[in-house]
Amino acid sequence: MDCPPSIDHMSFLRLATLAFLVTLPPGALRPAMAQGGATWLAVSVGDHYACGITSDRAAYCWGTRNGLGQLGAGTVGDTSAQPRRVVGRLEFRAISAGLRHTCGVTTAGRVVCWGSDEGGALGGSPPASARCGAARGACSARPVEVDAGALTFDSVTAGLAHSCARSTKGTVHCWGGDAAGQRGRPARGGSGLASVCCTPALTTVDAGTTFTCALSAAGAAYCWGSDLLGELGIDRRAIGTCAYGGYAAAPCSPTPVTVSGALKLAAISAAVPAEFNAEPRVCGLSLRDEVYCWGAGLLATQARFSTTPNRMDGGRRFASLSVGATHLCGVGRDGRAYCWGRNEYGQIGDGTTAGREQPVRVAGTLSFAQISAGVDQTCGITTAGAAYCWGAGIGYAPTPVPDP
């Protein structure tokens, strides 16, 4: 999941990547307003937890998963339906929750991460006081600064066990797991910060499970890492294989490859499902506001996977797009929210649990500035800065947060 260079309400209309989640009571299918009157600038979902940034640039996390310190509150194991401020009193400009870890960019341009340190996803060396303990695996319940030298950053994205960020100089760097080449270097291995190679300047980057995708300034799409179900968007005969995820020789490309089709995209979004090989999928928003997707199919009625981008918007035009593990959502040109895909938990928000092959309007009359699809849930930020959520529960929405 990736983040914008900076946060403002107008920029939300072009974002596809700040995935986020708040919770409804069990059985709730239609949108319900998140509790309280906090003004939210950004929010991003992980696996049954979420983190967000409020108008005072503070970061808060909440949810039902904190066994690896995902909430960043300095404790492990305890959960919270109400947002808890990330320890350290840092101020943030961007935030991205991966599957079990979160990274944020501070207003000083430094990247900090917390939660699971699987594969070195945190990008630093947690001090003993921050570690969760050997019994819980490598993790930190407190923010750990990424070892990046003098580099400063404007955006960050957290995946399954790796993370990437774009520096203020315009270079993209990744760290963490690299078994499938998801750090974007020809020589796989290691976990430290590494510059993505062999591409023109990249403006947007989004980390998936064991793969990463990005856009150049000209709108060309590049992907690298695993290619189990076509997520790199290229003929598999053109790439090699890697040993990862229990596979002795699975398709992969540690070197970025150009997504087929010569599309020019304005935004790109990659799914981070709960299992690395579950439904790896990527979608992009064209310069004509059309949605194109490649990788795993959405529904059983569709092809299992596609190595080439296919239009997936049912003829509707979108201002922003977000790819979840089981569904897609976007803000239409009319400011309304639309979703499609699987819907077992009401994650589409149309008042039913029926899957949809085409975009359907989310129930209600709200106008959205941002929308984000999680695993089995969706949330949106309205043009007034209020949060709304629907689908499976992870944790309740933010209540008003006291002034620091």
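Visitor: Which residues form a disulfide with their sulfur atoms 2.1 Å apart, Cys132 and what other residue?

Guide: A disulfide is a pair of cysteine sulfur atoms within 2.5 Å. Here Cys139 is the partner of Cys132, with 2.1 Å between the sulfur atoms. This is a predicted model, in which local features need pLDDT of at least 70, side-chain atom pairs count only at pLDDT 80 or more, and totals for chains, interfaces and linings use all residues. Residues are numbered from 1 along each chain as its sequence is written, and side-chain values use heavy atoms, leaving out hydrogens and water.

Visitor: How many disulfides does the structure hold?

Guide: The structure holds nine.

Visitor: Are Cys132 and Cys139 buried or exposed?

Guide: Buried means under 20% relative accessible area, exposed over 50%, and partly exposed in between (1.4 Å probe, protein chains only). Cys132 and Cys139 are both buried.

Visitor: Which residue does a disulfide join to Cys197?

Guide: Cys198, at an S to S distance of 2.3 Å. The link of Cys197 and Cys198 is left-handed, with -85° about the S-S bond.

Visitor: Why does Cys198 count as exposed?

Guide: Cys198 counts as exposed because its relative accessibility is 55%. Cys197 has 9%, so Cys197 counts as buried.

Visitor: Where in the chain are Cys329 and Cys339?

Guide: A disulfide joins these two residues, S to S 2.1 Å. The pair links distant parts of the chain, ten residues apart: Cys329 lies in strand 24 (residues 327–332) and Cys339 in strand 25 (residues 337–341). Strands (E, at least two residues) are DSSP runs, numbered from the N terminus, as are helices (H or I, at least four). The link of Cys329 and Cys339 is right-handed, with 110° about the S-S bond.
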